[in-house]
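Here's a quick tour of a protein model and the ligand that sits with it. Have a look at the sequence and the coordinates first, then read on.

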Amino acid sequence: APVHLASFCGSIIDTMATVAEKKRIALHADIPEELFIEADEDKLRQILLNLLSNAVSYTQDGGKVELKVRELQDAEGTEKVVIKVTDTGIGIPKKDQPRIFERFYRVDKARSRSSGGTGLGLSIVKHLVELHHGDISVDSELGIGTTFTVELPMLQE
Ligand code: ATP
Ligand code: MG
């Protein structure tokens, strides 16, 4: 069923607002009003919640997290929805970036111990993105911040 991204993402942002407020993290959403995607709502929610909760967890107090959605046409003319989750957090070292989508992989036990995760979040996200025939990538600078980009086809075959 088509999902209206502005209202769907709006409710996800509302879910995250309390956690973000506790850390005084500004949570922004930038989503075109008229955009729909053919996707499984539960899976899409899990993708966004995982990326947003990582962004909030790995960003220091007073930082910023943004969820940005755009529409684009790829080289073959396929309509895509591009979702970017950007934070001003601790960043991910270049050497670890290729491995963060592996099950149980966590960058550094010392820094992630306090967040108490399992290291499964991103492996699940990648799996769910692939179920939608999409792609996920990361762009991160240590001490500056991180952007995860998810590209999903707007329509399923
Ligand atoms: P879980 O999500 O299972 O509770 P987790 O957050 O540690 O645990 P993943 O979500 O798979 O596991 O992330 C893997 C690792 O990638 C994290 O431990 C963290 O070191 C790093 N990471 C993920 N997202 C970010 C981010 N936005 N900023 C900095 N580091 C990140
Ligand atoms: Mg996580």
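## Ground rules

This is a predicted model, so to speak of a local feature takes pLDDT of at least 70, side-chain atom pairs count only at pLDDT 80 or more, and totals for chains, interfaces and linings use all residues. Residues are numbered from 1 along each chain as its sequence is written, while chains are lettered from A and ligands numbered from 1 in the order in which they are written.

## Overall fold

The protein has four helices and seven strands, taken as DSSP runs (H or I, at least four residues, for helices; E, at least two, for strands) and numbered from the N terminus. Along the sequence they come in the order β-α-β-β-α-β-β-α-α-β-β. The radius of gyration is 15 Å, close to the 15 Å from the globule rule for 157 residues, so the protein is as compact as a globular protein of that length. That radius is taken over C-alpha atoms, and the rule is 2.2 Å times the number of residues to the power 0.38.

The C-alpha atoms fill a box of roughly 45 × 30 × 25 Å along the principal axes.

## Helix H2

H2 covers residues 41-57 and spans 24 Å from first C-alpha to last, close to the expected 24 Å; that expectation is 1.5 Å times one less than the number of residues. Its buried residues include Leu44, Ile47, Leu48 and Leu51. An α-helix has 3.6 residues a turn, so residues three or four places apart point the same way.

What do the buried residues of H2 pack against? Their partners are strands E1, E4, E5 and E7, plus helices H1 and H4.

## Around ligand 1

Ligand 1 is surrounded by 21 residues, the closest being Tyr58, Val107, Gly117, Gly121 and Leu122; the cut-off is a C-beta atom, placed from the backbone, within 6 Å. H4 gives the most to this shell, with three residues, and H2 and H4 each supply at least two.

By class, the shell has nine nonpolar, ten polar and two charged residues. Here Ala, Val, Leu, Ile, Met, Phe, Trp, Tyr, Cys and Pro are nonpolar, Asp, Glu, Lys and Arg are charged, and the others, Gly among them, are polar.

## Strand pairing

Strands pair if DSSP finds at least two bridges between them. E4 and E5 are antiparallel over nine bridges, with Arg70 partnered by Val82 in E5. Val82 in turn has Glu151 of E7 as a bridge partner, and E5 and E7 run antiparallel with eight bridges. E2 and E4 are parallel, over five bridges.

The E4–E5 hairpin has five residues between its strands, and Gly77 in the turn shows a positive phi of about 85°.

Most residues other than glycine have a negative phi. Phe104, in the loop between E5 and H3, has a positive one of about 70°. His133, in the loop between H4 and E6, is at about 60°. Phe104 counts as exposed because it has 9 C-beta neighbours inside 10 Å, and His133 counts as exposed because it has 12.

Key: A residue is buried if 20 or more other C-beta atoms lie within 10 Å of its own, exposed if 12 or fewer, and partly exposed in between; C-beta atoms are placed from the backbone. Two residues are in contact if their C-beta atoms, placed from the backbone, lie within 7 Å.
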